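Subject: Structure for your review

Dear colleague,

Please find below the structure that I am handing over to you. I would be grateful if you read my notes with the structure open beside them.

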Amino acid sequence: MEHIRTPKVENVRLVDRVSPKKAALGTLYLTATHVIFVENSPDTRKETWILHSQISTIEKQATTATGCPLLIRCKNFQIIQLIIPQERDCHDVYISLIRLARPVKYEELYCFSFNPMLDKEEREQGWVLIDLSEEYKRMGLPNHHWQLSDVNRDYRASICRSSQPLSGFSARCLEDEQMLQAIRKANPGSDFVYVVDTRPKLNAMANRAAGKGYENEDNYSNIKFQFIGIENIHVMRNSLQKMLEVCELKSPSMSDFLWGLENSGWLRHIKAIMDAGIFIAKAVSEEGASVLVHCSDGWDRTAQVCSVASLLLDPHYRTLKGFMVLIEKDWISFGHKFNHRYGNLDGDPKEISPVIDQFIECVWQLMEQFPCAFEFNERFLIHIQHHIYSCQFGNFLCNSQKERRELKIQERTYSLWAHLWKNRADYLNPLFRADHSQTQGTLHLPTAPCNFMYKFWSGMYNRFEKGMQPRQSVTDYLMAVKEETQQLEEELEALEERLEKIQKVQLNCTKVKSKQSEPSKHSGFSTSDNSIANTPQDYSGNTKSFPSRSPSQGDEDSALILTQDNLKSSDPDLSANSDQESGVEDLSCRSPSGGEHAPSEDSGKDRDSDEAVFLTA
Amino acid sequence: MEFAELIKTPRVDNVVLHRPFYPAVEGTLCLTGHHLILSSRQDNTEELWLLHSNIDAIDKRFVGSLGTIIIKCKDFRIIQLDIPGMEECLNIASSIEALSTLDSITLMYPFFYRPMFEVIEDGWHSFLPEQEFELYSSATSEWRLSYVNKEFAVCPSYPPIVTVPKSIDDEALRKVATFRHGGRFPVLSYYHKKNGMVIMRSGQPLTGTNGRRCKEDEKLINATLRAGKRGYIIDTRSLNVAQQARAKGGGFEQEAHYPQWRRIHKSIERYHILQESLIKLVEACNDQTHNMDRWLSKLEASNWLTHIKEILTAACLAAQCIDREGASILIHGTEGTDSTLQVTSLAQIILEPRSRTIRGFEALIEREWLQAGHPFQQRCAQSAYCNTKQKWEAPVFLLFLDCVWQILRQFPCSFEFNENFLIMLFEHAYASQFGTFLGNNESERCKLKLQQKTMSLWSWVNQPGELSKFTNPLFEANNLVIWPSVAPQSLPLWEGI
């Protein structure tokens with residue numbers, strides 16, 4: 001709290017990035033964990049919350065007649081432009097935020113103050129949700145000296161990972177050579193091992209001068225050595241920076257955009273990672289060969305490539321829980337340096353690099369290719385990306401398991417996985433088909449990799465520019481339909497049950513009638529007396545319940561109407577969006593004449609809800 | 001039968017067919033008057049039937065006595081046939097070449113096609129101008145149907161029946177026609193029921209360098225304005241191009257003569273620039289090299305997405321004028337048969353929920369493209385692979401379909417039809433067994449007696465069994481105006497094509 005110079009500034013304007021003339025007037029609050037902007041407009045009181053840990057850069061721009069502009073860029077690609085009337089206030093906010101966005105101790109991070117109102121037990125359960133020893137058991141690996149991920153039990157081929165050998169120009173290590181032999185022998189299906197170095201060859205050679213390097217094929221028997229040129233973290237950082245500059249352009253032309261995108265090299269890097277993953281997956285699944293993957297340190301490119309390969313090979317990782325396991329295994333437990341890479345604590349800016357962002361984008365690119373193969377949806381990826389930077393949960397703190405243990409993370413913070421699991425309904429892909437032939441086993445990408453497979457992910461990098469996103473979400477729509485279907489099916493079941501009862505009663509009635517007309521048959525039935533006694537009661541009960549409906553059914557009914565409302569409420573959203581979206585404003589400088597777009601009541605919808613009521617009645 | 005003369009070798013055995021993403025098929029190749037057929041003669045494998053008119057270009061090469069023909073289709077497919085025997089191969093190649101470049105329209109397949117289905121509804125009568133007129137005549141009495149073009153004498157590229165302001169008589173229309181390019185006097189394209197505003201379209205005014213004017217023309221378009229209201233004229237050329245057009249007798253509306261109208265120039269490219277753009281795009285898509293940067297720069301160099309953005313922006317502007325500004329608009333470029341139609345039809349997609357249904361979209365294509373005189377025959381004569389470039393070939397209609405796809409992608413639940421419907425329309429515009437897209441305008445279609453001699457595409461599409469393939473399961477009627485985003489980030493490449 002001592003870093004907050006001014007907790008509250010009034011009459012601040014939040015500039016709409018798409019149409020700068022539209023700015024919301026409101027009050028800015030600084031808290032220990034968030035920047036909060038509350039709009040003055042009484043009917044909306046819209047709040048914008050930004051976590052300090054999400055802040056990437058803060059830029060104070062030249063004061064103008066209207067005030068002092070402050071530009072905040074976030075790590076989740078949100079860009080906030082504020083105009084603060086007094087230069088002095090602006091300066092105070094600026095200085096405070098600079099400090100708040102660069103915490104020096106882990107204890108300052110949000111996860112140590114975040115309390116989702118769970119008791120101790122629930123928190124502990126959250127941490128054991130993803131258990132890696134379970135995972136290794138699942139893979140059929142009791143104990144192994146290697147950090148091994150056997151993803152293909154049939155071939156017994158495996159993907160292994162390490163850091164680069166410290167070979168220099170001529171050094172060798174017999175034990176290391178024997179170990180590779182052991183890996184090869186562990187897989188009787190193949191007589192060689194692929195060693196994949198994910199660096200460009202030039203970089204690997206340069207490393208030799210520093211006493212590091214790569215495996216010499218002469219020293220290691222039966223290895224096939226392969227370089228895959230994925231650039232280092234510094235190149236990736238600059239590439240992302242360049243791409244974000246393109247995203248920030250105000251109404252760029254198509255050429256500006258495509259040229260900038262190409263120039264950033266971002267998609268080329270994504271493709272390089274994917275190609276490496278595809279290469280390894282093919283080696284394992286088609287050639288049945290084991291693969292040893294390394295880069296320089298073995299925690300960045302290696303993690304990317306191994307996890308892409310795992311996703312391609314093993315359908316388990318394409319499920320909600322499996323994906324959490326994958327991140328837990330390949331990233332968290334193998335010492336990916338989250339703190340350094342994502343700048344959670346103030347540190348060396350040269351260590352920061354979007355390594356896991358790239359992996360997450362690779363997953364998205366795969367989801368675009370295989371829309372039915374993943375149990376989770378785009379939102380799941382976006383939320384994970386958000387929380388890697390948010391520090392709201394303890395999972396991604398620190399640089400290694402060792403540090404996390406020392407900090408007692410599990411006792412003091414909450415686990416993201418539990419949070420995501422609890423809300424899993426939001427993250428399900430309605431198109432997921434576990435039983436589809438395409439989604440079982442290894443995912444096979446088309447043999448000739450086409451460049452147009454890789455697309456710009458506006459859902460991620462422009463995700464706060466709502467006007468640029470598709471206005472209707474197929475995922476949400478399908479989820480709503482699914483939910484509705486389920487409710488209707490339950491309804492149907494209940495009605496069928498009741499119908500059965502009614503038929504029984506009617507049957508009994510006719511029996512009774514027939515009994516009365518033919519008393520001679522009566523003697524054989526001993527239960528008929530009971531049924532006669534029960535009949536009127538049940539019957540009348542049923543007739544009564546018909547118009548008014550029994551309480552349980554009434555509940556279901558209102559739930560159904562609720563979903564109808566939910567569906568409907570997406571419509572005003574739509575029209576609200578259409579008022580502020582980019583398209584209209586971009587077209588000409590004239591502001592659209594005030595005529596607000598009345599969300600006209602849609603007759604089609606009405607008919608729909610009538611139908612629904614009809615069905616439930 | 002003249003086809004027999006063109007077919008030098010009707011049948012070759014042991015031909016191997018290669019297609020991308022499919023396993024190779026060996027079988028017998030047959031040539032008929034209109035089709036190239038490859039059958040493996042096994043029950044379970046499908047046969048390839050390819051219309052000769054779908055063939056855009058062919059290449060042949062030889063390795064020993066094995067000849068290879070590479071056929072590039074107008075729908076961008078590339079197939080390869082390995083034919084044993086050099087002579088057979090040469091014969092087949094020259095036969096295909098001859099059959100795919102028939103001069104006479106009446107030799108085309110639609111004139112020989114006999115439908116295998118029962119015609120429930122004759123598509124030639126599905127969308128009559130009278131019916132379309134009834135849709136808005138209940139809301140307004142300011143418009144009438146005019147039969148002034150009954151014999152195609154006033155404007156050869158207009159249909160016999162057009163909708164014009166009620167206060168303007170046929171005599172005035174004849175005079176206006178002499179003042180507009182190609183006789184294309186301003187006619188009604190769309191009536192916005194919500195506020196009574198309209199979209200009109202026409203050819204450019206023939207003002208020339210001396211600023212000719214036409215009182216009837218001014219009266220006609222002013223008749224569409226309410227008292228005290230202003231309208232917008234959207235010229236689909238840049239001001240520069242419009243000014244240059246004056247030297248050739250064309251021009252634009254002078255403000256002095258049309259004081260109630262504001263002119264906006266929204267440049268949309270035309271003709272060979274679009275064709276070259278398509279050629280570059282398809283080239284880039286077929287490039288198998290594994291280099292990401294080259295792909296993006298090729299995509300950029302093709303300018304295809306730039307054209308998409310231009311067209312969508314102009315259409316959004318038109319829709320904005322109508323719905324938000326409450327102003328009527330007149331749209332024209334030079335001839336009023338290409339970019340004009342892209343803008344008028346896309347504006348209707350944005351404004352009018354009906355045009356987002358299957359039937360409404362068919363009606364839109366019938367009204368705004370076929371009857372409005374978009375020269376399909378000329379524009380779609382060749383596609384991306386052809387070397388002999390003619391200046392009138394242009395993927396104008398394909399660009400329109402791509403724009404519709406872009407809007408569909410942004411509003412996936414607001415369209416009754418799906419992507420397959422758009423692709424089907426694209427394929428039939430370039431090569432079809434149906435007569436719908438033959439000819440350049442209604443007058444030519446009349447002379448060809450298409451209605452009597454060929455089958456309408458709509459007769460086939462509108463069968464329940466076929467419709468189900470084109471229906472979007474997510475459709476939920478959305479009566480709102482939909483505003484698409486035109487930011488580059490929102491406009492990806494249409495992979496389906």
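The notes below describe what was found.

This is a predicted model, in which local features need pLDDT of at least 70 and side-chain atom pairs count only at pLDDT 80 or more, whereas totals for chains, interfaces and linings use all residues. Residues are numbered from 1 along each chain as its sequence is written, chains are lettered from A and ligands numbered from 1 in the order in which they are written, and side-chain values use heavy atoms, with hydrogens and water left out.

Chain A

Chain A contains 23 helices and twelve strands (DSSP runs, numbered from the N terminus: H or I of at least four residues for helices, E of at least two for strands). Of the 617 residues in chain A, 50% are buried (under 20% relative accessible area, with a 1.4 Å probe and protein chains only). The UniProt record, an unreviewed entry, places the feature "active site" at A:Cys295; such annotations may be inferred rather than shown by experiment. A:Cys295 lies in the loop between strand S12 (290-294) and helix H9 (301-313) of chain A. With a relative accessible area of 2%, A:Cys295 is buried.

A sheet in chain B

Five strands of chain B form an open sheet with mixed pairing, in the order S10-S11-S14-S12-S13. Strands S10 (187-192) and S13 are at the edges and have a single partner strand each, so one side of each lacks a neighbour in the sheet. From one strand to the next, the twist averages 20° (axes are lines fitted to C-alpha atoms, and angles run from 0 to 180 degrees between N-to-C directions).

Strand S12 (residues 231-235) of chain B pairs in the parallel sense with S13 (residues 261-265) over five bridges; two strands pair if DSSP finds at least two bridges between them.

Yours sincerely
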